[in-house]
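Me: Could you walk me through the packing and the pocket of the protein I am about to show you? I would like the cut-offs as we go.

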Amino acid sequence: MARLKSYCPGGIPQHVIQRGDNCCVCFAADEDRAAYASYLYNAASKWEVAIHAWVFMTNHVHLLVTPQVDDSLSKAMQHLGRLYAR
């Protein structure tokens with residue numbers, strides 16, 4: 001069954017947590033963090049999401065962001081996940 005779409009209104013700060021599959025390691029090296037940061041910057045720019053703070057842990061990420069447009073955060077995170085998961 002598909003996951004229900006969550007509503008994310010523009011202009012309201014959000015705390016986002018993205019975890020690795022089964023809490024597995026997401027970042028094995030500094031190059032992985034650099035690639036994720038680059039993808040995050042590109043997705044945020046494309047989908048109009050302001051990034052205020054981030055923490056890259058070994059097996060998950062915390063982001064403090066504000067989407068500028070309704071549902072842009074969902075689109076940015078989906079875009080980011082597709083790029084990094086490859």
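Below are some questions and answers on the core, the ring pairs and a pocket.

Me: Happy to start; what kind of model is this, and how are residues numbered?
Reply: This is a predicted model, where local features need pLDDT of at least 70, side-chain atom pairs count only at pLDDT 80 or more, and totals for chains, interfaces and linings use all residues. Side-chain values use heavy atoms, without hydrogens and water, and residues are numbered from 1 along each chain as its sequence is written.

Me: Which residues touch the most other members of the largest nonpolar core?
Reply: A nonpolar core here is a set of buried Ala, Val, Leu, Ile, Met, Phe, Trp, Tyr and Cys residues joined through side-chain atoms within 4.5 Å. Two or more residues come from each of α1 (30-46), β2 (49-56), β3 (60-67) and α2 (72-85); helices (H or I, at least four residues) and strands (E, at least two) are DSSP runs numbered from the N terminus. Of the 17 members, the ones that touch the most others are Tyr 36, Phe 56, Leu 63, Leu 73 and Met 77.

Me: Is Tyr 36 buried or exposed?
Reply: Buried means under 20% relative accessible area, exposed over 50%, and partly exposed in between (1.4 Å probe, protein chains only). Tyr 36 has 3% relative accessibility, so Tyr 36 counts as buried.

Me: Why is the pair of Tyr 36 and Tyr 84 edge-to-face?
Reply: Rings of Phe, Tyr and Trp (its six-membered ring) pair if their centres lie within 6.5 Å; planes under 30 degrees apart count as stacked, over 60 as edge-to-face and the rest as tilted. For Tyr 36 and Tyr 84 the centres are 5.3 Å apart and the planes stand at 85°, so the pair is edge-to-face.

Me: How many residues apart in sequence are the parts that this pair ties together?
Reply: Tyr 36 belongs to helix α1 and Tyr 84 to helix α2. The pair therefore ties together parts whose separation in sequence is 48 residues.

Me: Which residues do ring pairs link into a cluster?
Reply: The structure holds six aromatic pairs. One of them is Phe 27 with Tyr 36, edge-to-face at 5.4 Å centre to centre and 80° between the planes. The cluster linked by ring pairs consists of Phe 27, Tyr 36, Trp 54, Phe 56 and Tyr 84.

Me: Which element gives the most to the lining of the second largest pocket?
Reply: Among the residues closest to the centre of this pocket is Tyr 84. β1 (14-19) and α2 each give two or more residues to the lining. With three residues, the element that gives the most is α2.

Notes. 1 Å grid on protein atoms, 1.4 Å probe; cavity = no way out; pocket = protein on both sides within 12 Å on 5 of 7 lines; lining within 4 Å.
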